[in-house]
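User: I would like to go through this model with you, one question at a time, with the criteria stated as they come up.

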Amino acid sequence: MDRTPSRRAIVIGHLIFTAPAIAAIVLVPFLGLRTLGPFFFVYYVLAGIAFGWQWYSLALPAWKRWLARKGVQNDEGQHLAHRAGFAWLGESRIGPLAFHTTASAACGIHFGPWLLSRWFVWILPLVNETRTPIGDYYLQHFEVASVIPAIVAGYVLSRHFRSMATWAWIVPTVVLGYKLLTFTDPYASVLASHFSTRFSYFFVVQRTMPTPTPGFGGVDPVRVLQ
């Protein structure tokens with residue numbers, strides 16, 4: 001393969017998938033920060049990487065097929081992709097890690113409340129019972145609405161999409177570990193150890209939602225979000 005087609009192929013490759021992938025990695029965290037604030041910044045970055053990786057995984061084979069139509073052998077196309085930097089470092093891991101972790105965060109934030117809303121819309125009318133969906137009801141049934149679906153979804157993914165689920169525990173565990181180590185209880189006494197408080201803060205479900213009143217009804221809204 002001579003140099004002129006090689007340079008043209010590299011330029012086209014950068015235009016069709018490198019530029020969009022980089023744009024996704026930059027724009028998704030930017031939009032997340034503007035929309036939801038910095039609380040989920042780690043997941044914004046992972047979402048950007050996931051979008052970039054998905055576009056890359058779709059566009060790179062199309063680029064290789066275009067090279068094949070130009071008479072370039074598959075081995076030459078693969079060599080050109082590596083030489084031009086199109087083959088991402090750890091491409092078999094970073095994409096599935098980012099995609100699975102982002103999907104887990106999205107399900108944790110949105111799927112549980114949606115599942116609860118379906119309970120009120122689909123199930124309760126079947127038994128002639130009507131209730132007004134409230135946040136307390138979700139927290140009081142948090143295990144059924146969030147933990148059990150998460151276990152089922154994680155089991156299915158680990159059985160059928162093993163490469164996606166292998167490393168997905170790393171980011172949440174690192175974030176949780178950091179929060180546990182840096183947690184400080186403002187009500188802790190200097191004379192007594194409250195080591196268990198940090199665990200109860202994160203692992204004991206808060207059963208009531210804060211109210212829009214001074215003091216939030218005695219409920220810590222940050223803890224509910226955590």
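User: By about how many helical turns are Phe199 and Phe203 separated in helix H9?
Analyst: In this predicted model, local features need pLDDT of at least 70 and side-chain atom pairs count only at pLDDT 80 or more, whereas totals for chains, interfaces and linings use all residues. Residues are numbered from 1 along each chain as its sequence is written, and side-chain values use heavy atoms, with hydrogens and water left out. Helices are DSSP runs of H or I with at least four residues, strands are runs of E with at least two, and both are numbered from the N terminus. Because Phe199 and Phe203 are 4 residues apart in helix H9, their separation is about one helical turn.

User: How many aromatic pairs does the model contain?
Analyst: A pair of aromatic rings is described by the distance of the centres and the angle of the planes. Rings of Phe, Tyr and Trp (its six-membered ring) pair if their centres lie within 6.5 Å, and planes under 30 degrees apart count as stacked, over 60 as edge-to-face and the rest as tilted. By this rule, the number of aromatic pairs is 4.

User: Is the pair of Phe183 and Tyr201 stacked or tilted?
Analyst: The ring centres of Phe183 and Tyr201 are 4.8 Å apart. Their planes stand at 40°, so the pair is tilted.

User: How many residues apart in sequence are the parts that Phe183 and Tyr201 tie together?
Analyst: Phe183 lies in the loop between helix H8 (170-182) and helix H9 (195-203), while Tyr201 lies in helix H9. The pair therefore ties together parts whose separation in sequence is 18 residues.

User: Are Phe183 and Tyr201 buried or exposed?
Analyst: Buried means under 20% relative accessible area, exposed means over 50%, and partly exposed lies in between (1.4 Å probe, protein chains only). On that scale, Phe183 and Tyr201 are both buried.

User: What is the angle between the planes of Phe199 and Phe203?
Analyst: Phe199 and Phe203 form an aromatic pair with a distance of 6.4 Å centre to centre. Phe199 counts as partly exposed, at 34% relative accessibility. The pair is stacked, with an angle between the planes of 15°.

User: Which residues form one aromatic cluster with Phe183?
Analyst: Phe183 is one of the members of an aromatic cluster. The residues that form the cluster with Phe183 are Tyr201 and Phe202.

User: What share of the residues of the protein counts as buried?
Analyst: The protein has 10 helices and 0 strands. The protein has 226 residues, and the share that counts as buried is 27%.

User: Which residues make the nonpolar surface patch of about 820 Å²?
Analyst: Accessible areas come from the Shrake-Rupley method with a 1.4 Å probe, and for residues only the protein chains shown count as cover. Val121, which lies in helix H4 (residues 91-123), counts as partly exposed at 45% relative accessibility. The patch is made by Phe111, Trp114, Trp119, Val121, Trp122, Ile123, Leu126 and Val127.

User: How far apart are the C-alpha atoms of Ala150 and Phe111?
Analyst: Ala150 lies in helix H6 (residues 142-160) and is partly exposed, with a relative accessible area of 48%. Ala150 and Phe111 are 39 residues apart along the chain, and the separation of their C-alpha atoms is 9.6 Å.

User: With which side chain does the side chain of Gln206 make a polar contact?
Analyst: Gln206 lies in the loop between H9 and helix H10 (221-225), and, leaving aside neighbours within four places in sequence, Gln206 is in contact (heavy atoms within 4.5 Å) with Leu139, Val219, Arg223 and Val224. A polar contact is a pair of N or O atoms within 3.5 Å; within protein, one must be able to donate a hydrogen and the other to accept it, and residues adjacent in sequence count only if both atoms are side-chain atoms. At 3.3 Å, the partner of the Gln206 side chain is the side chain of Arg223.

How values were computed: Patches are made of residues with over 30% relative accessible area and no salt bridge: like charges are joined within 9 Å, nonpolar side chains (Val, Leu, Ile, Met, Phe, Trp, Tyr) within 5 Å. A salt bridge is a side-chain nitrogen of Lys or Arg within 4 Å of a carboxyl oxygen of Asp or Glu.
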